[in-house]
Amino acid sequence: MQYLLMLYVNEGGWSKLTQAQQEQGVAAYAAYTEAIKKAGVLKGSNRLQGSSTATTVRIANGKSQVLNGPYADSKEQLGGYYLIDVPDLDAALSWAARCPAASHGVVEVRPIWPMAV
Amino acid sequence: MSSSEGDLQARRTAEAAARRSYGKLVAFLAARTRDVAAAEDALSEAFTAALTDWPRNGCPSSPEAWLLTVARRKMIDFARRRHSGEMAAGQLQLLAEGLEAAAADAEIPDQRLALMFACAHPAIEVGIRAPLILQVVLGLDAALIASAFLMSPAAMGQRLVRAKNKIRQAGVPFGIPRTDDLPGRLEAVLEAIYAAFGEGWTDAGGTDVARRDLAEEAVFLGRLVTELRPEEPEALGLLALMLHAEARRRARRNEHGDYVPLAEQDPALWDSQLINEAEALLVRASALGSIGRYQLEGALQSAHVYRRRTGHVNWAAVVELYDALLVLCGSPVVAINRALAIAETQGAGAALEALQELAADARLTQYQPYWAARAELLARTGACGEARQAYEIAIGLERDPAVRRFLQQRQSALTP
């Protein structure tokens with residue numbers, strides 16, 4: 001089954017880290033990405049630019065509304081994702097727990113709903 | 001054989017197979033696809049088909065194998081209808097593989113425990129885990145489960161459906177959890193087994209076969225867990241608790257089928273073999289050095305059994321155990337029993353005060369044991385008018401005719 005691991009993190013936290021801590025953080029993500037690749041379960045992954053770069057669109061009463069900023073204004077913002085293919089939820093949860101974001105933020109695990117081909 | 005005889009035999013055979021193997025069949029059918037609802041539906045259709053086929057063609061030598069084959073074909077049909085293209089192909093492959101495995105193996109593997117652990121998975125809402133196990137492993141209907149859990153049947157039904165959807169859609173695994181996850185998951189499993197036992201226990205006379213089997217099934221599941229996890233003190237405690245209760249089954253009714261309360265039971269009618277087994281389990285559990293709710297409840301049973309040797313109950317120990325239990329789980333049901341024990345050590349007045357603290361709990365207004373306890377305590381303090389009213393409510397809420405008769409006798413014995 002495929003699962004999307006969504007990484008929600010406090011964006012403000014990064015700039016408060018010392019350079020050494022930032023390097024350590026980057027290294028942790030790199031190691032995690034390497035491990036998940038080596039395990040042969042990674043289907044796709046990316047990080048996102050900060051939520052200040054977000055723009056939301058919705059059509060209401062036939063008119064498009066374009067708003068500056070993210071959809072949900074919360075302390076933790078979606079900062080990246082890993083799409084993985086594993087046998088079951090427990091396997092997905094154990095990868096989520098290893099993700100550095102689980103320690104400094106939250107990782108939401110959602111099963112992919114496949115499209116009929 | 002006349003057609004009505006054939007019908008009767010088919011129904012009996014189907015009922016026996018359901019009692020013996022319902023959960024086993026659901027677990028086996030659902031293990032590959034994780035679609036518990038489809039497994040239940042398919043099995044239910046297989047039972048319906050059996051009631052048409054068996055009277056005509058005779059009952060099969062292995063009803064379970066017959067039911068499994070028909071149910072799996074139904075599941076393949078469901079999958080075909082629901083999906084199209086590649087997705088269905090994957091599911092059909094899984095089902096077909098299972099069909100072959102079942103054909104090759106005369107014995108259906110017992111995956112009930114794996115199914116129970118799926119139901120008790122942390123991804124499943126806490127409050128619904130135990131009811132879910134009762135439904136999918138034991139085949140209880142939502143209304144019966146709702147009453148055991150003090151919940152409305154409609155709400156219970158909806159929550160069960162949601163939980164089954166979650167298992168399927170989120171890919172909750174069917175299997176024994178990793179060692180570090182096991183204690184938490186085991187707790188939910190034990191809670192469900194105990195609730196199942198409680199349901200079976202309400203039919204003391206053993207006239208309702210489905211219910212009596214439920215108690216036996218719960219003991220069976222309890223044994224299964226202790227075999228899998230021999231070092232788990234709470235699993236041992238739960239089994240001890242159930243065996244202690246089972247040991248007194250015969251003494252709970254007199255020769256006229258009337259209800260006999262624990263205090264008036266003849267210890268000679270208790271099953272000493274079961275009691276000894278239960279006591280041995282408690283000793284084993286306590287040696288593992290981690291106390292818990294089920295060990296405490298088992299110890300309570302043990303304190304009552306003490307009367308078999310000494311002629312009197314160790315009430316001080318009983319109250320102490322209830323105190324500990326109340327701290328541990330804070331259940332209103334425990335609080336009611338604690339109040340009744342307090343009546344024996346400090347008198348009915350103190351017990352009524354303890355019970356009064358519970359009066360605000362809305363769930364208890366329709367809970368028979370609360371009103372029966374209140375009535376009994378009021379009667380002892382001489383408040384006969386209030387006692388009569390409380391008995392009236394308890395009688396109105398009771399579903400077991402023998403207990404109802406007992407409460408009516410107590411009520412009419414009140415001095416006017």
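## B:Leu115 and the nonpolar core

In this predicted model, B:Leu115 is in contact with B:Val26, B:Ala27, B:Ala30, B:Val136, B:Val137 and B:Phe174, once its neighbours within four places in sequence are left aside. B:Leu115 also belongs to the largest nonpolar core, which holds 140 residues, and it is one of the members that touch the most others, a group that includes B:Val26, B:Leu29, B:Ile133, B:Val189, B:Ala339 and B:Ala351 as well. Helix α1 of chain B, covering residues 3-33, gives the most to this core, with 12 residues.

As background, nonpolar side chains tend to be buried together in soluble globular proteins.

## Two crossing helices in chain B

Helix α2 (residues 36-57) and helix α3 (residues 63-82) of chain B have axes that come within 8 Å and cross at roughly 125°.

## The make-up of chain A

Chain A contains 4 helices and 6 strands, and these follow the pattern β-α-α-β-β-β-β-α-α-β when read along the sequence. Of the 117 residues of chain A, 15% count as buried. Among contacts in chain A between residues at least 6 apart in sequence, 77% join residues that are at least 24 apart.

Technical notes: Residues are numbered from 1 along each chain as its sequence is written. Chains are lettered from A and ligands numbered from 1 in the order in which they are written. This is a predicted model: local features need pLDDT of at least 70, side-chain atom pairs count only at pLDDT 80 or more; totals for chains, interfaces and linings use all residues. Axes are lines fitted to C-alpha atoms, for helices over the stretch in contact, and angles run from 0 to 180 degrees between N-to-C directions. A nonpolar core is a set of buried Ala, Val, Leu, Ile, Met, Phe, Trp, Tyr and Cys residues joined through C-beta atoms within 7 Å. A residue is buried if 20 or more other C-beta atoms lie within 10 Å of its own, exposed if 12 or fewer, and partly exposed in between; C-beta atoms are placed from the backbone. Two residues are in contact if their C-beta atoms, placed from the backbone, lie within 7 Å.
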